[in-house]
Amino acid sequence: MGVPDQLADRMSMAEQHEYLRSRFSRRTMMRGGAVTLGAVVGGAFVPGATARAAVPTRSTAPSAQKVDGRLVAPFGRHLAYGNDARTEMTVSWQVPVAVDKPFIRIGAHPWDLSHRIGAEIRTLYTPAGVGASADHTQYYVHAKLAGLKPGRTYYYGVGHAGFDPAEPHLLGTLGTFTTAPAHKAPFTFTAFGDQGVSYHGLANDALILGQNPAFHLHAGDIAYADPSGAGKTADTGFDARTWDQFLAQTESVAKSVPWMVSYGNHDMEAWYSPNGYGGEEARFTLPDNGPDKKNLPGVYSFVHGNTAVISLDPNDVSFEIPANLGISGGTQTTWFEGQLKKYRAAKDIDFIVVFFHHCAYCTSTAHASEGGVRQEWVPLFEKYQVDLVINGHNHQYERTDVIKGDKVTKKLPIGGTAYPETEGVVYVTAGAAGRSLYAFTAPDSYEGHEHEVDAVASFVNTKDGKVNETVAWSRVRYLNYSFLRVDVTPAPRGHYTTLKVQGIAETGDRIDHFTVARRAK
């Protein structure tokens, strides 16, 4: 039982939380069970805070009963940089049942692993009555590593009592990761949004692995366990087990490539906490250098070589899907400008890449452009000459010309070069990672199949609703599954350093390419 539909449509996530808290007493919650997030340390369940937007049910609390650890294998491994990508890495994974004494071993060689380093289990209990799933308890394990050496490749194995990856018959379960370099060096990264669980998502993962990226950016709408995506307890079809499938699917890449996520509207799972991110906090350990870890756990930054990357949470500024609108009270934008100012002044950073879910500029017939992003952040992109903005939300590939002040400052044909120091910002929607595709009002136009049009009918979501607009900045459109590849090449001071950006289709064909160039510091 959640918030009635007629109320939920008019209430923010925080207001739903207050409604549920006032309606259901603590006694009712204890009798009926609730969505809970806790930690398991050494196999003993240590309860965390009961989720404040939990839905009462007659189900029982999660069982802490364990099975023989020899019969349980970890799965769903995924990496994330810490605050310092040169020296910190978090390895996360999942186990299907409760286990004792989880740990990680690391080393420079697979035959020379360290002693056991203890890990933390975060349990996530979802009772029957929440969405489509029956009682389900998920066990996510995290090991935060620090003091690593820059630019070094490490072998690692994860285990628990009864399952030791250092045993000869389990060496095949080892993974690797590589820390960011201490100095400027060439590297590649990849990006997309809106993956979910599908053949297309799996195919994109396989292609991404072949690019040998230093890290991957996932611009929101990660697993689609909540297919409705309104961020309310009235959302239908939620199934927490979808995350089990997603992490198993993604492991082929994420076990060796830091999988840096940003949160979209389908990641606001309202049953776990007022902001909807309680489930994500169980599953991911991201850099915690953002402005508000409690309300905005997906807002952070990191540096790799000469490039600073910033993840934002557009749910905070979204007029289209307002469940979390204004949740930061303006602190996110203030923090964001501080990061831009810091990175633009840093002598060893040339490029700033920003990624988040909702699109600043897109002509999709589904969501098109988000007016809240244009209002809050686009002026900052332009003021601090952001080099590349990557979005998801709309399930297609679209790339703009160079934009400043909502106008085209320079047409950017396929193969062209943009100079953000003087011209403006390029925006890429890379939301075709695996979910069903959307549509354009204009014909596709991509490498080898160019069909240029100077005016495209679209709309922007504003606080007063959809406002139609006719735009001239839609340069490349591709309606099929794809992802983004970016090659970063440093240069000596005063020479042009470059981001070479390519759109890659699920077929492996290149659908777009352009260059962003600026003088190296």
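## Strands E3 and E4

Strand E4 (residues 89-95) is joined to E3 by 5 bridges, and the two run antiparallel. The model is a predicted one. Tyrosine 81 has methionine 89 as its bridge partner in E4.

E3 is mostly covered. Of its 7 residues, 6 are buried. Tyrosine 81 has 1% relative accessibility, so this residue counts as buried.

## Aromatic pairs

The structure holds 23 aromatic pairs. One joins tyrosine 81 and phenylalanine 302: the ring centres are 5.4 Å apart and the planes stand at 50 degrees, so the pair is tilted. Tilted pairs fall between the cut-offs of 30 degrees for stacked and 60 for edge-to-face.

Tyrosine 81 belongs to strand E3 (residues 75-81), while phenylalanine 302 belongs to strand E14 (residues 300-304). The pair therefore ties together parts that are 221 residues apart in sequence. Phenylalanine 302 also counts as buried, because its relative accessibility is 1%.

## Aromatic cluster

Seven residues make up one aromatic cluster. The members are Phe336, Phe356, Tyr361, Trp377, Phe381, Tyr427 and Trp473.

Note on methods
Residues are numbered from 1 along each chain as its sequence is written. This is a predicted model: local features need pLDDT of at least 70, side-chain atom pairs count only at pLDDT 80 or more; totals for chains, interfaces and linings use all residues. Side-chain values use heavy atoms; hydrogens and water are left out. Rings of Phe, Tyr and Trp (its six-membered ring) pair if their centres lie within 6.5 Å; planes under 30 degrees apart count as stacked, over 60 as edge-to-face and the rest as tilted. Helices (H or I, at least four residues) and strands (E, at least two) are DSSP runs, numbered from the N terminus. Buried means under 20% relative accessible area, exposed over 50%, partly exposed in between (1.4 Å probe, protein chains only). Two strands pair if DSSP finds at least two bridges between them.
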